[in-house]
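Me: I'd like to go through this protein with you piece by piece. Could you start with how you handle angles, and then move on to the structure itself?

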Amino acid sequence: MITIGVNGEVRTVEVSAWKRLLDVLREDLRLTGTKEGCGEGECGACTVLLDGVPVNSCLVAAGQCDGRAVTTVEGLARRGIDGSTVLHAVQRELVVRGGAQCGICTPGIAVCAAHLCDSDALAGPGDARAKVRELLAGNICRCTGYQLIVDAVIAAASPASNQEGGS
Ligand code: FES
Ligand code: FES
């Protein structure tokens with residue numbers, strides 16, 4: 001039996017310690033937002049946060065997650081004071097700017113980009129666009145050419161964008 005904090009809720013699953021976290025999320029917990037691309041740690045489609053750090057869930061065993069906290073793309077949005085769903089700024093900007101097309105890469109990019117925006121990874125001197133490209137280098141997209149994804153992350157990281165979603 002394995003107990004994992006998933007998107008703020010304690011979940012217990014009866015699975016082999018060797019089952020991939022990706023499969024536990026999709027099959028046992030019905031959180032199908034996390035996608036499988038390569039299944040080999042190359043594409044980033046399956047990215048989730050494990051104790052706040054982006055990991056490829058296709059390379060993480062369930063047993064490694066016992067007692068730890070996982071955030072999936074379903075956990076990025078939050079409830080507003082009126083009970084409505086408030087998307088993370090990254091999710092909002094990906095939609096508005098066309099940074100998602102087929103959507104297979106999008107959950108992993110959203111999770112990774114939200115982590116960037118919520119940390120100080122983009123702070124300080126230097127070309128922010130180059131930093132975004134470098135920090136998202138593990139997330140492969142076959143559709144967008146990355147320009148619109150980078151636009152979305154830059155916009156989401158701006159203080160004005162965070163205020164818009166702050167109610
Ligand atoms: S499916 Fe996990 S890195 Fe591609
Ligand atoms: S939107 Fe299709 S792979 Fe990225």
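Reply: Axes here are lines fitted to C-alpha atoms, for helices over the stretch in contact, and angles run from 0 to 180 degrees between N-to-C directions. Please keep in mind that this is a predicted model.

Me: Fine. At what angle do the axes of H2 and H3 cross?
Reply: The axes of helix H2, residues 89–96, and helix H3, residues 106–118, cross at roughly 130 degrees, and they come within 8 Å of each other. Because angles over 145 degrees would count as roughly antiparallel and 65 to 115 as roughly perpendicular, that makes H2 oblique to H3.

Me: And is that crossing left-handed or right-handed?
Reply: The crossing of H2 and H3 is right-handed.

Me: Which residues make the contact?
Reply: On the H2 side the contact is made by Ala-89, Val-90, Gln-91 and Leu-94, while H3 brings Thr-106, Ala-110, Ala-113, Ala-114 and Cys-117. Sorted by class, the contact of H2 with H3 has seven nonpolar and two polar residues, with no charged ones.

Me: Switching to the sheet: in what order do the strands run?
Reply: Five strands form an open sheet in the order S2-S1-S5-S3-S4, with mixed pairing. Strand S2 (9–13) and strand S4 (53–56) stand at the edges, each with a single partner strand, so one side of each is left without a neighbour in the sheet. Ignoring direction, neighbouring strands of this sheet are turned by 40 degrees against each other on average.

Me: What about S3 and S4, is their pairing parallel or antiparallel?
Reply: Strand S3, residues 47–50, pairs with S4 in the antiparallel sense over four bridges, and Leu-49 stands opposite Pro-54 in S4. Helix H3 packs on the sheet, where it touches S3 and S4, and the direction of H3 makes about 40 degrees with that of S3.

Me: Now the domains. Where is the chain divided?
Reply: The protein chain is divided into domain 1, covering 2–75, and domain 2, covering 78–164. Taken over C-alpha atoms, the centres of domain 1 and domain 2 are separated by 21 Å.

Me: How many residues are in contact between them, and what gives the most on the side of domain 1?
Reply: In domain 1, 13 residues are in contact with eleven residues of domain 2, and S3 gives the most to the side of domain 1 that touches domain 2, with three residues. The residues on that side of domain 1 divide into seven nonpolar, five polar and one charged.

Terms used: Residues numbered from 1 in each chain as written. Chains lettered and ligands numbered in written order. Predicted model: local features only at pLDDT ≥ 70, side-chain atom pairs only at ≥ 80, totals over all residues. Helix = DSSP H or I, 4+ residues; strand = E, 2+ residues; numbered from the N terminus. Parallel < 35°, antiparallel > 145°, perpendicular 65-115°, else oblique. Left-handed = near helix turned anticlockwise from the far one by under 90°. Contact = placed C-beta atoms within 7 Å. Nonpolar A, V, L, I, M, F, W, Y, C, P; charged D, E, K, R; others polar. Pairing = 2+ DSSP bridges. Domains from an automatic or database assignment.
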